[in-house]
Amino acid sequence: MKKEISVLMDGELFEDEAEGLLNQIKRDSAAHKDWEIYHLIGDVLRQPEHIHCDLSAKVRERMQEEPVVLAPRGHAVKQKIRTVALSAAASLVAVGVVAWMSAQITPETFPQVAMQQAALHPASVQIKPRSSDYLMAHQEFSPSMDMSGGAAYIRTVAYGIDGK
Amino acid sequence: MRMRAAFCGLLLSVAANANAESLDWLKVVAFAAHQTDYSGVFVYQYDNRIETSRIIHVVEADGEHEKLESLDGPKRKIIRHHGQVWCYINHKMVQVDSQQVRIRFPAFLPEQISTLSANYRAEQIGVARVAGYNAQVILFEPKDNLRYAHKIWADTGSGLLLKAAVLGDKNQIIEQYTFTQLQIGGNIDRSWIGATAPGDSLPASQEVIKGGTPINSGWTVDALPQGFKKTMEIQRPMRGRRTPVTQIVFSDGLSAISVFIEPDDGDEDNVSGLSSRGAINLYHKVVAGQLFTVVGEVPARTVIQVLDSIRYKDK
């Protein structure tokens, strides 16, 4: 099975064979897991910097917990017709949202999101006050001094080197 | 065919001119930053924080005087004159730096401009209004992902930098500073020069009495990111250190990377790791009793690459 999945991912199966296998993957959860793992491996090999873990299971879990509200509740008997109309309207909106979302999810967006997460990570650790001395020592020789003059020094004193 | 070649040639020369013109703006901005009297309030945005500061810059017969003061949060103040820097620490002004080695002027030497144009595409991308002044907007786009993009707004009248942004590789703002109020020339407060108030006297520090001395330390960076060139190698005293620190500075024309090497004093802050503030990334590592620190206004991957390739070679 694993070998077949690998061959399928390499695009080496005929169309009818591929279709059969894909149907099998849909039904067999173990095969489906393999299919996901193989894709993750492929992604890691292609972009080792940006893939951290397999998020799909977590995303699915969270989505199941999300309440799905498509129509307003209450006064069901009195305003039955109105509720139906509203829920129809809400469904239309939901369809619109889904259509919009699928339009947004192009192959490029996923790595972009992953990269932004990677880029945000280091910013969470703030430079320690003691290290401000290094910033100060660095600043004097930085070309940023040539452009903005002393304003560039704001980096070295941003929230206090007091007390150290 | 010849027509097309001529057209391409024309396009190329137009592109080259645009680049040269943008680079000329840099020289104007650098000149204005040092030669103009100004006083203003600017906002500095970084890491989801916003800080407001006041800056006063005046040129006297004995050189430039500059005062930078925070307007919110704890009191912070920096006074600079002639490569000497005083900082408000523990309720008094302390001298933290004294550099005579740098030739401060003229800024942007020709070799710096040529390094810069090898690493960035410079382009004038329009005009805008900042703090009531008309500004020329210039974008410096890096040719690789080892450096940030820089966008500057220069006053079309005085050449002063009115706004500057550092952008990441997804065009997100890493840090930005913007003047909200600015007075250029005219009657600017000079009463703080020479430090008349008793509490504000500017003593020469015992620790940092002299600046750095140029040396050849024997340390090199094997995998220096493309486009960076060594601009300085000194041995310098640093506040709170018993032994002098080796500092090597590399520049790509717009941003710089400093490498610091010193004996590890066992301080708990010396643990290996990456930290950042705005566009600045800092990376520490202790190896064989030596503390290595790499600081620069470059992406994290760049400081890591530099630190991990520091090597001692025979002088």
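In this predicted model, helix H2 (residues 15-27) of chain A packs against helix H3 (residues 29-46) of chain A at an angle of about 110°, with the two axes 5 Å apart; axes are lines fitted to C-alpha atoms, for helices over the stretch in contact, and angles run from 0 to 180 degrees between N-to-C directions. H2(A) is therefore roughly perpendicular to H3(A), a label given to angles of 65 to 115 degrees. The contact, defined by heavy atoms within 4.5 Å, brings A:Leu22, A:Ile25 and A:Arg27 of H2(A) to A:Ser29, A:Ala31, A:His32 and A:Trp35 of H3(A). Helices (H or I, at least four residues) and strands (E, at least two) are DSSP runs, numbered from the N terminus. Residues are numbered from 1 along each chain as its sequence is written, and chains are lettered from A in the order in which they are written. Local features need pLDDT of at least 70, and side-chain atom pairs count only at pLDDT 80 or more, whereas totals for chains, interfaces and linings use all residues; side-chain values use heavy atoms, with hydrogens and water left out.

In chain B, strand S19 (residues 290-296) is mostly covered, 6 of its 7 residues being buried, that is, under 20% relative accessible area, where exposed means over 50% and partly exposed in between (1.4 Å probe, protein chains only). S19(B) pairs in the antiparallel sense with strand S16 (residues 256-263) of chain B over 7 bridges, pairing requiring at least two bridges found by DSSP, and B:Pro263 has B:Gln290 as its bridge partner. Strand S18 (residues 280-287) of chain B also runs antiparallel to S19(B), joined by 7 bridges, with B:Val286 opposite B:Leu291. S18(B) and S19(B) form a hairpin with 2 residues between them, and B:Ala288 in the turn has a positive phi of about 50°.

Over all chains, 15 salt bridges are found, each a side-chain nitrogen of Lys or Arg within 4 Å of a carboxyl oxygen of Asp or Glu. A:Glu140 forms one with B:Arg80, the closest N and O atoms being 3.6 Å apart; A:Glu140 lies in the loop between helix H7 (132-139) and helix H8 (144-148) of chain A and B:Arg80 in strand S4 (residues 77-81) of chain B, so the pair joins two chains. A:Glu140 is buried at a relative accessible area of 1%, and B:Arg80 is buried at 9%. A network of salt bridges links A:Asp133, B:Arg241 and B:Glu262.

How values were computed: Parallel < 35°, antiparallel > 145°, perpendicular 65-115°, else oblique.
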